[in-house]
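Subject: Structure for you to look at

Hello,

Here is the structure I said I would pass on. Please open it first and keep it beside you while you read the notes.

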Amino acid sequence: MIICTLHKGHLIKTITHCAKCALHQSSKGRDQGDNKKFDVIVVGGGHAGCEAAAASARVGCKTALITHKTSTIGEMSCNPSFGGIGKGHLMREIDALDGICARICDISGTHYKVLNQSSGPAVWGLRAQIDRNLYKKHMQDEMFHTPKLHIVECSVEDLLTEDLNAQLTETNPDAKCRCTGVLLEDGSTIKAKSVILTTGTFLHGQICIGLNTSSAGRMGDKPSIGLAKTIKDLGFTIGRMKTGTPPRIYKRSVRFKGMTEHFADNPSHPFSFENNKVWIAPKDQLTCHTTLTKPGLKKVVLDSLHLNKLVVEEANGPRYCPSIESKILRFNQDAYHCWLEPEGFDSDQLYLQGFNCTMPLEYQEQAVKLIDGLENAEIAQPGYGVEYDYMDPRQINQTLETYKVPGLYFAGQINGTTGYEEAAAQGLIAGVNAARRAKSLNNFVVRRSEGYIGVLIDDLTTLGTNEPYRMFTSRSEFRMTLRPDNADQRLTLRGYNDAGCVSNGRMINTEKRLKVLEKSILELKAATKSVSYWRKLSGMEALKAPSSTTVSAFHFLARLRDKEAAKRILRGFPQLTIADCDHWLFQRIQVESLYAVMLNTQRSQIEALQKEENLLIPDNIDYSGLESLKLEVREKLAKARPLNIAAATRVQGVTPSALVHLIYHIKTLQNKRNSTLL
Amino acid sequence: MNCCVRLLSNALTLQKSCSCTGIIGLKKRAPPYRGIIRNYTATQLGTIFAHSSGFGKCGVAVIRVSGEKTKQAMSAITKKKKLPNAKRVFVSRLWHPKSNSMLDRAVVFWFAAPSSFTGEDMCEFQVHGGPAVIASVLDALSSIEGLRPAEAGDFTKRAFLNDKLDLTEVEGLGDLIHAETEGQRRQAVHQMEGSLSSLYQTWTKQILKSMAHCEAFIDFGEDQHLGDQVLTNVVTEVKDVQLKIETHLQDSHRGERLRNGVRVCIAGLPNVGKSTLLNLITQRQAAIVSPIAGTTRDVIETALDIDGFPVLMSDTAGLRQSEDIIEKEGVSRAFKKIKEADLIVFLLCADSLKSSSKDVGQLIEKQAKELGLLKDFYGKQLLYVVNKIDLNMDTAQENSDNTFYVSCKNMDGMSSFLKHFSTCIKDLCGATSIGSIPSITQQRHRKHLADCAQFLQQAIDNFDLDIVIAAEYMRMALHELGKISGKVDAEQILDVIFQDFCIGK
């Protein structure tokens with residue numbers, strides 16, 4: 001049974017468009033005749049699913065997004081915020097590839113603030129509190145209005161598979177069968193060339209509060225048991241992870257007096273390169289509050305420990321997102337910080353960030369009262385833990401396609417990551433590649449040296465993870481090159497040429513923007529004056545001994561900490577002033593000048609890495625036949641399946657001599673292939 | 001206001017309570033090969049050099065340079081402004097670019113890209129095969145900016161990447177690399193035992209911890225209220241390590257010794273056999289010997305080669321109060337030589353031990369004190385030689401670490417003394433105690449340490465400007481140390497972060 005979500009109540013028997021909605025029929029004609037066949041199917045409407053479906057449609061594939069409840073598309077099931085340090089980087093990269101979450105955050109936020117402003121622009125973390133309802137509404141609008149994208153509401157029961165042809169078996173010995181579509185709960189089938197699973201925590205999902213556990217993917221939603229069984233039957237290695245969410249508190253029951261109030265940035269930094277400002281003025285934005293816990297909390301936690309299933313069991317939880325119970329057990333401080341974050345403009349609830357817990361509800365009620373200002377707090381929704389299955393991500397390649405089942409992709413939390421942004425980034429890559437596979441085009445891979453997306457996927461697919469993987473800036477070895485300000489420079493052109501997921505409009509805007517930047521920098525580099533001159537222009541005190549050293553304006557900017565002083569210099573170049581975007585342009589120029597010195601070093605490191613990345617290891621390599629390698633090394637390589645020599649070096653236990661033997665083996669294979677071709 | 005104060009004090013207690021939760025799981029994750037792998041692969045391209053001929057003593061040794069800066073390196077070391085055309089062989093003296101001292105005369109082969117083994121600009125210096133010569137040329141090359149010692153397999157890898165190797169060669173070289181890296185690792189582990197190892201480990205830990213705290217500040221500082229104190233501590237720590245490494249580097253004048261020779265001073269009371277010992281070591285009658293105390297009046301210097309290392313031996317006048325003006329001057333010169341020496345061979349007569357039941361160490365100390373030498377001995381390498389045991393057999397005891405019982409007359413105990421003596425010389429030149437060649441590992445150590453110190457300095461300079469740049473320099477510094485004592489990876493840093501800070505929301 002399928003319902004048109006825009007016009008609820010119109011039941012449609014087959015998968016087709018609602019007769020009433022013109023927009024649903026944006027791609028008329030041949031689509032309608034063949035409505036059980038798609039190029040790409042995306043299962044799941046979370047952050048990975050939405051990006052995947054949208055990306056696939058942008059590449060030009062007829063795409064179906066199947067979710068068991070269309071009303072939950074774009075649901076923010078945990079914290080009411082997007083971005084942060086490392087995560088903001090991912091969002092900028094998603095946006096550079098014309099993804100959607102950044103744009104939607106720019107029109108759904110309640111409080112925009114860049115984190116880490118004191119630490120240097122390479123690690124600035126663009127972040128915003130988001131109104132859950134607005135985000136969901138805007139995301140659903142986006143999804144329903146994307147050309148070539150069809151939304152189907154139904155549970156997916158099983159995958160459709162078929163045997164492989166001989167050729168595929170040869171190139172990928174691990175392959176068992178090919179995925180050709182999905183079987184729905186109502187017994188109908190939908191066919192597609194590629195299928196992306198973005199089921200999040202819904203595979204064997206279990207919610208725990210105290211000792212009570214119930215099967216569910218998210219509070220109030222049923223888990224996907226049938227699908228989980230199918231995946232297990234296919235022989236995937238499955239692990240178990242846990243995560244948690246804090247209680248929600250009624251705003252009316254909180255005493256804000258005495259808490260620290262945090263205001264939004266002015267001006268607010270938009271997430272998307274396409275926007276010069278966010279939808280709401282800083283003065284109209286909501287505020288956040290921080291407060292501290294009181295000493296009695298420890299007793300409550302210890303008293304309820306025997307009633308706390310998740311804490312007792314110690315499954316693989318994230319070290320960086322521990323429950324308040326684990327914090328108390330591990331660190332034993334007098335007080336812990338808590339954040340009160342708005343859930344949205346119309347919401348009467350607050351999100352108690354920093355207070356994840358899984359203790360029974362009656363203890364949670366006691367515990368929150370031991371927070372300064374929450375003495376009379378009423379819990380709107382208790383905190384809970386979620387345990388779920390994840391797939392060992394070493395079973396997928398860098399396009400996120402599984403080795404075992406060609407045509408089947410995994411993206412998002414199913415791969416052992418945590419966070420909306422990590423999920424969205426994977427969704428985008430899976431969506432692009434699933435679509436490119438359907439169109440028989442080359443893969444699109446973002447390399448480690450090109451973006452945090454590359455770091456994320458490379459880490460996952462070669463090293464795996466045993467705790468929910470979250471992005472940090474320290475995970476990247478090229479932090480000064482992979483900055484939030486230059487994601488468009490790094491990825492938009494590639495997205496346009498190599499992925500086909502960037503629209504003409506965005507490409508034109510980006511080129512224009514980069515041209516202005518490049519021209520401005522050239523101009524600043526060409527302007528050479530004495531240090532005294534620049535000091536005077538910037539409004540700094542004159543040096544006691546006038547310096548005769550001359551430097552370019554660009555060079556001088558690099559050492560200038562004072563933003564206002566920098567602006568005074570830039571205003572000395574009237575050609576640089578472009579109405580409306582001065583602020584962000586000035587900022588970018590300053591960032592460029594700051595890191596210019598270090599970039600040469602980093603460039604040579606990147607070149608070295610890229611040389612090694614260019615030495616590809618064929619997918620079908622049979623490590624067991626490489627007898628010159630130690631058995632242990634062979635096993636490790638077979639498990640990690642490095643894509644190239646650079647990735648192979650990161651596999652633990654691989655020695656230099658093993659690498660040489662590996663390289664030799666690859667070359668022999670290549671030569672053999674070449675000679676057979678001749 | 002009240003709340004602000006609380007936040008601040010909380011940040012401080014957090015820092016206190018967290019920083020004492022133990023340091024690093026350094027051993028936890030580091031598999032034995034990681035350091036080498038990282039060296040082998042993810043290093044920058046740059047220009048590399050290495051001693052490429054076989055190990056052990058040989059007539060001619062080959063030192064190869066490959067990379068963009070090959071020409072500059074050749075010019076710098078041969079002092080030729082205009083180089084001959086490529087594919088030409090020429091003979092040239094080699095000079096140390098920093099000290100300007102002459103190192104050797106060499107045959108130089110020069111190949112321009114792409115017609116070379118690696119496909120890059122390359123040159124080969126064929127120098128005389130003495131370990132000291134090789135070490136000094138390597139030292140000279142490492143002093144040229146942009147050059148770095150090759151990691152194991154670097155040349156092969158470049159050749160391979162530039163399509164210059166045929167497959168059998170790769171196979172053969174793979175085995176060689178295996179032997180080399182395994183050997184290197186063993187050697188590194190061997191060397192790493194003892195005081196030097198614990199020193200490097202401490203530094204690594206200290207930088208790793210600072211680095212981790214700096215990373216924590218970047219990734220979690222703001223939303224976890226870590227406080228600026230974290231950063232202040234990092235700066236203090238980094239300054240501390242930087243100073244320690246600088247001091248360590250200045251302490252060892254090994255490169256200088258290699259070029260100018262190890263200064264050995266034979267000292268002692270009159271008529272204990274100093275000149276006889278000198279003649280025995282030099283194997284010629286360099287000094288006049290007689291039974292008359294005070295025969296040697298001036299300093300007698302002899303340059304010689306011990307196991308391929310240059311040594312400058314000084315025989316000095318016997319130390320005693322004298323009224324003779326000439327002898328007085330001789331004694332004062334002897335004191336000067338003792339001050340300058342890298343290695344002091346302090347001779348005693350077995351006779352002087354007879355009367356005393358005290359152990360030798362105390363006796364020597366007494367003698368040294370009487371002579372006012374204790375201060376000069378401090379920090380120097382010392383060998384005590386008890387001579388003339390033929391006269392007094394019962395005083396002969398087991399040789400200990402630095403005390404030897406010999407008879408210059410009938411050569412008793414001489415061979416074990418000489419063996420130890422040459423080991424000391426090698427050590428002073430920075431050679432390892434394993435094998436008979438000057439250790440490339442050591443050469444690399446020095447380079448890595450110097451780079452490490454320099455990167456730390458740059459980190460210190462940048463903390464105020466941009467913490468990301470500072471962190472990058474720390475990362476580079478740590479990477480340099482990691483090349484000596486084992487790899488450090490991002491996960492390790494994250495481990496420290498999670499051990500030391502209460503992070504999470």
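This is a predicted model: local features need pLDDT of at least 70, side-chain atom pairs count only at pLDDT 80 or more; totals for chains, interfaces and linings use all residues.

Residues are numbered from 1 along each chain as its sequence is written, chains are lettered from A and ligands numbered from 1 in the order in which they are written, and side-chain values use heavy atoms, with hydrogens and water left out.

The sheet

In chain A, 6 strands make an open sheet, ordered 16-17-18-19-15-20, with antiparallel pairing. Helices (H or I, at least four residues) and strands (E, at least two) are DSSP runs numbered from the N terminus, and two strands pair if DSSP finds at least two bridges between them. Strand 16 (260-262) and strand 20 (379-381) of chain A are the edges; each has a single partner strand, so one side of each has no neighbour in the sheet. On average, neighbouring strands of this sheet are turned by 35° against each other, direction ignored. Axes here are lines fitted to C-alpha atoms, for helices over the stretch in contact, and angles run from 0 to 180 degrees between N-to-C directions.

Strand 15 (residues 248-250) of chain A pairs with strand 20 of chain A over 2 bridges, in the antiparallel sense. Opposite R248(A) stands Q381(A) of strand 20.

The helices

Helix 11 (residues 361-368) of chain A lies across strand 15, strand 19 (349-353) and strand 20, at about 135° to strand 20.

Helix 10 (residues 324-331) of chain A has 6 of its 8 residues buried (under 20% relative accessible area, with exposed over 50% and partly exposed in between; 1.4 Å probe, protein chains only). Among them are I324(A), I328(A) and F331(A). After helix 10 comes N332(A), with a positive phi near 50°.

Domain 1 (248-387) and domain 2 (504-603) of chain A have bounds from an automatic or database domain assignment. Between them, 8 residues of domain 1 are in contact with 9 residues of domain 2 (heavy atoms within 4.5 Å). What holds a charge pair across this boundary? The side chains of E274(A) and R513(A) meet in a salt bridge at 3.9 Å, N to O (a side-chain nitrogen of Lys or Arg within 4 Å of a carboxyl oxygen of Asp or Glu).

Regards
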